[in-house]
Amino acid sequence: MLGASPVRPNPGGACSGYLVEAGARRYLVDCGTGVLSRLLCHADLADLDAVVISHAHPDHCLDLVSVRQSLAYGPGPKRSAALPVYVGAAAHPTIVRLGAAFADGSAPFWEPWLAFRVFDGAAALDLDGVALHVAPTRHYVPCWAMRFEHAGRVLAYTADSGPCEALATLAAGAHLLIGEATLMARDGHAGAWGHMSAAEAARLAAEAGAERLILTHYDAALAPELHAAAARHAGDRPVDLAREGEVHVV
Ligand SMILES: [Zn+2]
Ligand SMILES: [Zn+2]
């Protein structure tokens, strides 16, 4: 768990970011504000096989700029090839524009450090033996939830989403579901269907038959323990709060 904060980083925390290890493979899932700093506590950029970005909101992709700067100018081992970055077709132009804003003269910003691989969700992605299935979520911009399958184990991640049927299908039978829980409760957020409450995330876990649920993308100021209690009350699965730096075995 590299970053569990919502749109604003929680004090001392980071926005969305998860280091997923499968066998010898290492993937960075989302790269929000502050994630690189957390990642470097566990892995070097030279160790990463790829980055996967759920959508082009800053709390999920802004630290790609820091990743590029680090690859270009940082210390540590150098990569032998560009770092692959999987990004949805709708998010790609936004991230290209982000790089263009920092480009120096005619030199490109992202290349040769990052290599974007654009997906549209039509087929599962094969990340060197790790299957990555994606499904569109209910959010304010196009966003992709993810399902990683490796050696018979399944990790699902909602990314940013309101409740929607596609999530339960994607997360079916997951051994671990990382579910967003931005809202303390649906009360007062009737129109905010681009996010879930903790209880809604718990109901999703139950519906999907996920073995356990870790709540993420939550505001630390909103009494997160109460958040988790609400989820436990609404669902029937073990629930934990994502804590930056924690490791979970799927
Ligand atoms: Zn978002
Ligand atoms: Zn977000």
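At 2% relative accessibility, Asp160 counts as buried, the term being applied under 20% relative accessible area, with exposed meaning over 50% and partly exposed in between (1.4 Å probe, protein chains only). The structure is a predicted model, in which local features need pLDDT of at least 70 and side-chain atom pairs count only at pLDDT 80 or more, whereas totals for chains, interfaces and linings use all residues. Residues are numbered from 1 along each chain as its sequence is written, chains are lettered from A and ligands numbered from 1 in the order in which they are written, and side-chain values use heavy atoms, with hydrogens and water left out.

Asp160 bridges the zinc ion (ligand 1) and the zinc ion (ligand 2), which lie 3.5 Å apart. The protein donors of the zinc ion (ligand 1) are His55 (NE2), His57 (ND1), His139 (NE2) and Asp160 (OD), at 2.1 to 2.4 Å; donors are N, O and S atoms within 2.8 Å of the metal (3.2 Å for Na, K and Ca), and sites may look incomplete because water is not among the atoms. The spacing of these donor residues in sequence is H-x1-H-x81-H-x20-D.

The zinc ion (ligand 2) is coordinated by Asp59 (OD), His60 (NE2), Asp160 (OD) and His217 (NE2), at 2.1 to 2.2 Å. The four donor atoms around this ion (ligand 2) subtend angles of 90 to 159 degrees, which makes the arrangement irregular; four donors count as tetrahedral if all angles lie between 85 and 135 degrees, four count as square planar and six as octahedral if opposite donors are over 155 degrees apart and all others between 65 and 115, and anything else is irregular. Because Asp59 lies in helix H2 (residues 58-61) and Asp160 in the loop between E9 and H5, the pair ties together parts that are 101 residues apart in sequence. Asp59 is buried at 5% relative accessibility.

Seven strands form an open sheet of mixed pairing, in the order E6-E7-E8-E9-E10-E11-E12, two strands being paired if DSSP finds at least two bridges between them. Strand E6 (125-127) and strand E12 (239-241) stand at the edges with a single partner strand each, so one side of each is left without a neighbour in the sheet. E6 and E7 run antiparallel and are joined by three bridges, with Leu125 standing opposite Leu132 in E7.

Eight of the 11 residues of helix H6 (residues 198-208) are buried, and these pack against H5, strand E10 (176-180), strand E11 (213-216) and helix H7 (224-234), contact meaning heavy atoms within 4.5 Å. H6 is followed by Gly209, whose phi is positive, near 70 degrees. The largest nonpolar core has 53 residues, and those with the most contacts inside it include Leu127, Leu132 and Leu215; such a core is a set of buried Ala, Val, Leu, Ile, Met, Phe, Trp, Tyr and Cys residues joined through side-chain atoms within 4.5 Å. The largest share of this core, six residues, comes from H6.

Key. Helix = DSSP H or I, 4+ residues; strand = E, 2+ residues; numbered from the N terminus.
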